[in-house]
Amino acid sequence: MIDQDDIAQAERLIRPHIRRTPVIEVDAADFGLAAARLSLKLELLQHAGSFKTRGAFTNLLTRNIPQAGVVAASGGNHGVAVAYAAMKLGKRATIFVPSVASPAKMERIKACQADLIVTGDRYADALAASEQWTAQSGAMPVHAYDQVETLLGQGTVGLEFEQQAPKLDTLLVAVGGGGLIGGIAAWYQGRVRIIGVEPEAAPTLTRALEAGRPVDAPAGGIAADSLAPKRVGELMFPIAQKYVNRVVLVSDRAIEQAQQALWNTLRIASEPGGAAAFAALLSGRYQPSPKERIGVLLCGGNTTAANFGAPS
């Protein structure tokens, strides 16, 4: 299990390559919420549009990259991040995405000069294809969530959030494969109540906690390009068992409403997966006490702002 020292070391390594994304304090009453204090971390302002950039740089800066470069499978954001990190470090990148990946994310991957291959309908299909490519080409695989370096990089979000908002009671984090919540939970180690948030159509961590191990789950919904792997990672699961307080599920409609509320009130344009954690608050799936100090991670912004009602 990774620890705080490992995450702090990763943070020092990647610091020159990432943004320290802002935390803003907002009046919860603006959204009709009772929480006394609401802190939003705008990780959607990170290079390449999501927290995934942290894990990408941690991988590329700590591992030996062969001449064939790196390969990644992604619903979108991880692919953008790996493509961006590879471009900045002068490495070749091949990115596999499923057809469900949003056009906005595919365009960003191509803009980062990576080779983009669209295959299959879901992340699991792209992952299988990327594994074949690894075997054929000798490229270094960079896993989206089930890899130590990835977890360490994503854990730096927690380190940074605690520095910026040191007195949180609760932190809401969206869950896909679990690299983000696993890294953050490993940083906090129970000092803050960690609440996972998943789409009803992709309850990966919910099913895993019920079964006592990672198991296959449905992989659909409006956030399928970022929060719908087949199952959560093996590496993050014991961390979640130990440090994640619980997981709540939100509907696609609640995610759309959260996107709209963030835009209407704060002019923040979030992709569906990036707004999922906030949807738990807005929909009442997580109900804070009146004096609870709540942190919410807005983790991705690779979307077309004018198209909140559907994946873009």
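Strand β3 (residues 70–73) and strand β4 (residues 93–97) run parallel and are joined by 4 bridges. In this predicted model, they belong to an open sheet of 4 strands. A second open sheet has 6 strands and mixed pairing. A search of the whole structure also finds 2 cavities of 30 Å³ or more.

**The sheet of 4 strands**

- The strand order is β5-β4-β3-β6, and the pairing is parallel.
- The edges are taken by β5 (115–118) and β6 (140–141); each has a single partner strand, so one side of each has no neighbour in the sheet.
- Within the pair formed by β3 and β4, Val-70 stands opposite Ala-93 in β4.
- Helix α5 (residues 123–137) lies across β3, β4 and β6, and its direction is at about 160° to β3.

**The sheet of 6 strands**

- Here the order is β1-β2-β10-β7-β8-β9.
- The edge strands are β1 (23–26) and β9 (244–250), each of which pairs on one side only.
- From one strand to the next, the twist averages 25°.
- Strands β1 and β2 are antiparallel and share 4 bridges.
- Strands β2 and β10 run parallel, with 6 bridges joining them.
- Strands β7 (residues 170–174) and β8 (residues 193–199) are also paired in the parallel sense, over 5 bridges.
- Helix α8 (residues 204–211) packs on this sheet and touches β8 and β9; the direction of α8 makes about 130° with that of β9.
- Helix α10 (residues 252–266) packs on the sheet as well, touching β1, β2 (37–42), β8, β9 and β10 (293–298). The direction of α10 makes about 95° with that of β9.

- Leu-40 in β2 stands opposite Ile-24.
- Leu-40 also has a bridge partner in β10, namely Val-296.
- In a regular strand, side chains alternate between the two faces of the sheet.

**Thr-170 in strand β7**

- Thr-170 is placed in strand β7, and Arg-193 in β8 stands opposite Thr-170.
- The relative accessibility of Thr-170 is 0%, so this residue counts as buried; the cut-off for buried is under 20%.
- Leaving aside residues up to four places away in sequence, Thr-170 touches Val-192, Arg-193, Ile-195, Tyr-286, Glu-292, Arg-293, Ile-294 and Gly-295.
- Thr-170 and Ile-24 are 146 residues apart along the chain, and their C-alpha atoms are separated by 16 Å.

**The largest cavity**

- The largest of the cavities holds about 320 Å³ of space.
- There are 29 residues in its lining, and those closest to the centre of the cavity are Lys-52, Gly-176, Gly-177, Ser-226 and Leu-227.
- Three helices, α3 (77–89), α7 (179–188) and α11 (272–282), each supply at least two residues of the lining of the largest cavity.
- By residue class, the lining of the largest cavity divides into 12 nonpolar, 14 polar and 3 charged residues.

**Residues with positive phi**

- Most residues other than glycine have a negative phi.
- Ala-48 is not a glycine, yet has a positive phi of about 70°.
- Ala-48 lies in the loop between β2 and α2 (52–62). With a relative accessible area of 5%, Ala-48 is buried.
- Gln-113, which is not a glycine either, has a positive phi of about 70°.
- Gln-113 is found in the loop between α4 (103–111) and β5. Gln-113 counts as exposed because its relative accessibility is 65%, and the cut-off for exposed is over 50%.

Methods
Residues are numbered from 1 along each chain as its sequence is written. This is a predicted model: local features need pLDDT of at least 70, side-chain atom pairs count only at pLDDT 80 or more; totals for chains, interfaces and linings use all residues. Side-chain values use heavy atoms; hydrogens and water are left out. On a 1 Å grid over the protein atoms alone, a cavity is a set of points where a 1.4 Å probe fits but cannot get out, and a pocket is an open set with protein on both sides within 12 Å along at least five of seven lines; lining residues have an atom within 4 Å of a point. Grid points are joined across faces, edges and corners, and a volume is the space filled by probe spheres set on the points. Ala, Val, Leu, Ile, Met, Phe, Trp, Tyr, Cys and Pro count as nonpolar, Asp, Glu, Lys and Arg as charged, and the others, Gly among them, as polar. Two strands pair if DSSP finds at least two bridges between them. Axes are lines fitted to C-alpha atoms, for helices over the stretch in contact, and angles run from 0 to 180 degrees between N-to-C directions. Contact means heavy atoms within 4.5 Å. Buried means under 20% relative accessible area, exposed over 50%, partly exposed in between (1.4 Å probe, protein chains only).
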